[in-house]
Amino acid sequence: MFFGQSDTEMKSTQNRLIAQVQRVRMLSPNVNEYELALSDGGLPEPYAAGAHIDVFLPQHGARQYSLIRPWRQGAPLVIAVQRERNGRGGSGWIHEHLRTGAVVEIGQPRNLFALTPGSARRILIAGGIGLTPLLCMAQELLDRGDPFELVVCARDESRLIYAGELLNAPLANHVRFVLDNGKPEHGLDARALLAAAAPGTQVYCCGPNSLMDAVRAAGSHGANLDLHFEAFGAMSNAPVKADVNQAPFEVACRLSDITVQVQPDKSILDALVDAGVEVDHSCKEGWCGTCLTRWSEGTPIHRDTCLSEEDRGRYVAVCTARCGDGGRLVLDI
Ligand code: FES
């Protein structure tokens with residue numbers, strides 16, 4: 001899955017790894033799969049299904065792609081990249097330049113979309129390239145022997161990726177296809193699907209905003225469901241980046257001993273970058289997770305769409321977070 005794209009070139013080298021493309025495989029006319037092996041002795045940290053990596057591209061900044069295969073010691077990291085015809089060039093650059101043997105900088109795996117523990121039934125709903133994190137989840141659930149259903153939505157068979165895997169054992173018994181052939185009225189009936197789900201069912205959805213909006217709306221009716229979403233692009237309810245009605249506040253960077261004033265019309269991220277503090281970032285809208293930074297003092301006002309309530313106790317998305325009027329926020333950076 002493609003998460004986002006930056007309008008600035010990344011300058012930070014924190015936590016970056018050097019990877020070499022081991023294999024490129026065409027999954028559909030506009031989707032390629034890439035196997036990335038770490039070089040220079042780097043090791044990916046173990047990750048759970050739902051994780052993604054940043055891929056740092058020359059002139060295009062960071063892009064985020066879900067990891068398709070569960071973590072295995074020594075195994076390559078596998079991502080799939082859909083060429084975005086109306087994008088700003090990052091996916092096109094990858095399709096044109098990432099050939100077997102090419103070297104690229106990546107970040108350590110990060111997870112904002114992990115499976116919640118428990119024995120509840122799970123429904124995974126994928127739209128298009130949004131299948132990638134859910135395919136990893138499906139493999140993890142198969143390994144555990146946990147029950148689940150994977151609903152795969154696509155326009156038609158020619159747009160399906162990993163069709164062979166989905167149509168054969170052991171996945172086939174868990175998969176349901178919804179092909180609308182370009183007619184939205186033949187698409188997923190999210191309300192019917194979720195109305196039939198038992199209370200407490202965990203629902204994981206990744207795909208276009210239209211699909212996620214439909215699942216979100218359907219999930220808000222009826223049974224008490226546990227809904228999880230992975231942004232495919234900016235969320236339709238993405239927060240604004242700054243609030244001109246707020247007073248300035250102070251952000252102190254504990255490790256670099258730099259303190260900045262954040263004006264109402266600026267984000268913390270912009271104030272940090274202006275002061276020369278290196279912070280990786282990408283979407284600048286609070287959904288990709290690239291700019292997540294640990295905080296240790298203060299009362300952040302979270303306005304991202306990527307952090308769980310638990311993670312908000314440790315991290316802020318500095319592209320969208322604020323601090324109470326006149327307050328002071330201390331970051332571990
Ligand atoms: S840059 Fe994407 S969440 Fe901050």
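The model is a predicted one, with local features taken at pLDDT of at least 70, side-chain atom pairs counted only at pLDDT 80 or more, and totals for chains, interfaces and linings using all residues. Residue numbers start from 1 along each chain as its sequence is written.

To start with the overall layout, the protein chain splits into domain 1 (16-109), domain 2 (122-230) and domain 3 (249-331), with bounds that come from an automatic or database domain assignment. The centres of domain 1 and domain 2, taken over C-alpha atoms, sit 24 Å apart. Twelve residues of domain 1 are in contact with twelve of domain 2; contact here is C-beta atoms, placed from the backbone, within 7 Å. On the domain 1 side, strands E1 (16-28) and E5 (77-82) each supply at least two of the touching residues. Strands (E, at least two residues) and helices (H or I, at least four) are DSSP runs, numbered from the N terminus.

Next comes the core. The largest nonpolar core holds 89 residues, and Ile-79, Leu-124, Ala-126, Leu-134, Val-151 and Val-318 have the most contacts inside it. Such a core is a set of buried Ala, Val, Leu, Ile, Met, Phe, Trp, Tyr and Cys residues joined through C-beta atoms within 7 Å. Buried means 20 or more other C-beta atoms within 10 Å of a residue's own, exposed means 12 or fewer, and partly exposed is in between, with C-beta atoms placed from the backbone. Setting aside neighbours within four places in sequence, Val-318 touches, among others, Ile-268, Leu-272 and Cys-291.

As for the sheet, five strands make an open one in the order E14-E13-E19-E15-E17, with mixed pairing. E14 (258-262) and E17 (315-317) are its edges, each pairing on one side only; pairing takes at least two DSSP bridges between two strands. E13 (residues 249-253) runs antiparallel to E14 over five bridges, and Cys-253 has Ile-258 in E14 as its bridge partner.

Most residues other than glycine have a negative phi, and most peptide bonds are trans. Finally, a cis peptide bond joins Ala-169 and Pro-170, with omega about 5°, and Pro-170 lies in the loop between H3 (163-167) and E10 (175-179).

How values were computed
Contact = placed C-beta atoms within 7 Å.
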